[in-house]
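Reader: Could you take me carefully through one part of this structure, the pockets, and explain each term as you go?

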Amino acid sequence: FNSSGGLRGSKSQVYEGGIREPFVARWPAKIKPGTTTDHVSAHYDLMATLAEITGQKLSDTDGISFLPTLLGQTEKQKQHEYLYWEFSSGGGQYAVRMGDWKGVRTGVSRNPNAEWQIFNLSTDRAETTNLAGTHPELVEKCKQIVSKRTPSQNQDWNF
């Protein structure tokens, strides 16, 4: 049984094996059969996409519609600056994805000084090579993103 397809991690973890999910769509006369895309999105993008398809107004969301990607109009597709995950399981963990780069920090409730791990997903989908030592600017960017959380949420974790 290989539910994570060779990726690191599993359910309730912020490594790719725990968060990466395929999305399959069929829409005759709209989506060209057999097409694929590497577009990265999050679950909240689905609501934005469905709202755009049905002509509904949507406010107060971080979602970005991926309708242009579904319709093969990738040049019109907006992208997230970053995606963020946080799980309390496993001793507290979070991840930040910025394009092909991903920062991961695990065990933070047990170890407030837990180090960041940085991975280049374009060359290391299985997250086997930690590049934090050679990319301190990405570690700092991840810290900045995480620090945007409210102080009450940050009280137990050292960022």
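Author: Strand S1 gives the most to the lining of the largest pocket, namely five residues. A strand here is a DSSP run of E with at least two residues, a helix is a run of H or I with at least four, and both are numbered from the N terminus. The model is a predicted one, in which local features need pLDDT of at least 70 and side-chain atom pairs count only at pLDDT 80 or more, while totals for chains, interfaces and linings use all residues. Residues are numbered from 1 along each chain as its sequence is written, and side-chain values use heavy atoms, with hydrogens and water left out.

A pocket is an open set of points, on a 1 Å grid over the protein atoms alone, with protein on both sides within 12 Å along at least five of seven lines, and its lining residues have an atom within 4 Å of a point. The largest pocket has a volume of about 1300 Å³, a volume being the space filled by probe spheres set on the points, which are joined across faces, edges and corners. Of its 36 lining residues, Glu21, Phe23, His39, Val40 and Ser41 are the closest to the centre. Besides S1 (83-87), helices H1 (16-19), H2 (43-54) and H3 (67-70) each supply at least two residues of this lining, and Phe23 itself lies in the loop between H1 and H2.

The second largest pocket, with a volume of about 210 Å³, is lined by 14 residues, and those nearest its centre are Ser3, Ser4, Gly17, Arg20 and Glu21.

Definitions and conventions:
On a 1 Å grid over the protein atoms alone, a cavity is a set of points where a 1.4 Å probe fits but cannot get out, and a pocket is an open set with protein on both sides within 12 Å along at least five of seven lines; lining residues have an atom within 4 Å of a point.
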